[in-house]
Amino acid sequence: MYLKSNSMKFNNYKRIKNRKHIYNILFIILLAIFLFIALTPIHNNKYSVIKYFFLGSAIVLALYVIISNAYFEYDSTGMVVIIKNDTIVKKYFFPLAVKSVEFPKGKLKKFKINNYILYRSLNIYLDSKENGTVKNHFNITNISHKRAKYLKQSLEKVIIENYS
C-alpha cells in the first residue's frame with residue numbers, strides 16, 4: 001500500500017512500553033553476570049581468558065540493551081517535519097542530549113535507512129546555508145518493518161515534492 005498523502009505521524013511508544021520490562025530484567029541479569037564474573041577469583045590462568053570473554057560479552061550485551069531501547073517519533077503533518085529520538089539513558093541522565101530535529105520539508109535533500117543485523121538507523125541529510133549539508137542520525141531499531149516502510153515512503157514523497 002502506498003501512502004496517499006505525504007503527511008504522517010507515528011511513534012513507537014507502545015512497543016517500547018511493552019518491551020521496557022523485558023529490557024530492564026535482561027539488564028539486571030547481565031549486571032548480575034558481570035558482577036559475578038568480575039568478583040569471582042580464578043587462580044588458574046587457563047580459565048582467566050574465558051572469564052574475560054564472558055565479562056566482555058556481558059558488557060557488550062548490556063550496552064546493546066541500553067542503546068537499542070530507543071523511542072522514535074515522526075511527524076510530517078504540515079510544512080515541517082519533526083523527528084525525535086531518545087533512549088532511556090539519555091532521557092533520565094542527560095535530558096539535554098535527547099535528539100530532536102524540526103525542519104521545513106524543503107530542506108530535506110536525501111535520506112538513507114541502514115539495516116544491520118541487530119540495529120537499524122535513519123540518516124537524514126538537510127540543506128543548510130552555513131554548512132552546506134548537515135547529517136542527522138536516528139536510531140529506528142524499535143519501529144516495526146511496516147512503520148519503517150511507511151517512513152521511507154513519506155520521506156520519498158517529501159523529496160519528490162522538493163525536486164518537482
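**Figure 1. Surroundings of Asn-85.** Not counting residues up to four places away in sequence, Asn-85 touches Ala-70, Tyr-71, Phe-72, Val-98, Lys-99, Phe-138 and Asn-139, where contact means heavy atoms within 4.5 Å. This is a predicted model, in which local features need pLDDT of at least 70, side-chain atom pairs count only at pLDDT 80 or more, and totals for chains, interfaces and linings use all residues. Residues are numbered from 1 along each chain as its sequence is written, and side-chain values use heavy atoms, with hydrogens and water left out. Asn-85 is found in strand S3; strands are DSSP runs of E with at least two residues, and helices are runs of H or I with at least four, numbered from the N terminus. Asn-85 counts as buried because its relative accessibility is 7% (buried is under 20% relative accessible area, exposed over 50%, partly exposed in between, with a 1.4 Å probe and protein chains only). A polar atom of the Asn-85 side chain lies 2.6 Å from the backbone nitrogen of Asn-139.

**Figure 2. The largest nonpolar core.** Among the 20 residues of this core, Phe-72, Ile-83, Leu-122 and Ile-124 touch the most other members; such a core is a set of buried Ala, Val, Leu, Ile, Met, Phe, Trp, Tyr and Cys residues joined through side-chain atoms within 4.5 Å. Elements giving two or more residues to the core include strand S2 (70-75), strand S3 (80-87) and helix H4 (145-163). H4 supplies the largest share, 5 residues.

**Figure 3. Ile-25 in helix H1.** Ile-25 is found in helix H1 (residues 13-39). Ile-25 counts as exposed because its relative accessibility is 53%.

Notes
Polar contact = N/O pair within 3.5 Å; in protein donor to acceptor, adjacent residues only side chain to side chain.
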